Amino acid sequence: MNTGKHARLTRIGTDGQYVIVPMDHGITMGAVKGLKDIESTIDAVTRGGADAVLTQRGIADRVHPNKNDAGYIAHLNGSTTIGPDENDKRTTGTVEDAIRAGADAVSFHINVGSTYEREQIEELAALTSEADRYGLPVLAMAYARGPDIDPAADDYNQAVGHAVRLAEELGSDVVKTGYTGDAESFQHVVESTALPVVIAGGAKGTDEETLNMVRGAMDAGASGISMGRSIFQHDEPEKIARAVAAVVHDDAGAVDALHEAGLAVEA
């Protein structure tokens, strides 16, 4: 790893662990709750302890004045929920675009097992090659998604493990993927790659469910989280970011993290 890439990784994480809040959902879902006044949301989650925020590059000017010295990741592909197929992610920018937008890293979404896997493999491989020339880290959002993949199957973690390994094989630096439901099954995913693995948020649950998921991932050897709606759509985004950061960075338990952040534990 070159010096520039190592330096930039320290800007989006803390001691090799990551609390990232992606807010690229505006391109996918529109200006949903938490994204209309994205300036206030960015300010809140970074005050709460997020190491980095992530958006499409076009709104970088709304990010930088509000991120409280946190890192910035530019996401470089996307699709919409109102289009014909949300899995068909298309390129939305280049590494040079991201650098001009002040990004410390770039990210790219790939659906392993989908109809679009072939094109997305080629695009991610090209992106990591280009980013490496500039010393810019790549966060691969590598999901196991496709017609032959069943998240309820007993061997689902094998497919997820394949997805994260693919991200490493293509030259990524950090990989984000879905949680497999428990620490025991997710351990296989973490062991499938030498890259730092961070988990997505998945379906929004209670605060305690969210924190228990984070705790389980960390117990399995994960390096943190990259969670969007569970944080930026929370009624108190600063507090939930603080609770998640306590689990990731301070090894707190779920209930203790909620208490420390000033959030109620549901009966």
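Hi everyone, thanks for coming. Please keep in mind that what we have on screen is a predicted model.

Let's start with the whole chain. Its secondary structure comes to twelve helices and ten strands. The radius of gyration is 17 Å, close to the 18 Å that the globule rule gives for 267 residues, so the chain is as compact as a globular protein of that length. If you like to think in boxes, the C-alpha atoms fill one of roughly 50 × 45 × 40 Å along the principal axes.

How much of the chain is buried? Of the 267 residues, 54% are. The accessible surface comes to about 11,400 Å², and carbon and sulfur atoms account for 45% of that. As for how the chain is tied together, take the contacts between residues at least 6 apart in sequence: 66% of those join residues at least 24 apart.

Now let's zoom in on α1, which runs over residues 3-12.

Which residues of α1 are buried? They are Lys5, Leu9 and Ile12. Looking down the axis of α1, these buried residues fall within an arc of 65°, so they line one face of the helix. That spacing makes sense, because an α-helix has 3.6 residues a turn, and residues three or four places apart point the same way.

And what covers those buried residues? The cover includes strands β1 (18-22), β2 (52-56), β3 (71-75), β6 (105-112) and β8 (174-177), along with helix α6 (117-134).

Definitions and conventions: Residues numbered from 1 in each chain as written. Predicted model: local features only at pLDDT ≥ 70, side-chain atom pairs only at ≥ 80, totals over all residues. Heavy atoms only, no water. Buried < 20%, exposed > 50% of the residue type's maximum accessible area, 1.4 Å probe, protein only. Helix = DSSP H or I, 4+ residues; strand = E, 2+ residues; numbered from the N terminus. Arc of directions from axis to C-beta. Contact = heavy atoms within 4.5 Å. Rg over C-alpha atoms; globule rule 2.2 N^0.38 Å. Areas by Shrake-Rupley, 256 points an atom, 1.4 Å probe, with all protein chains shown as cover.
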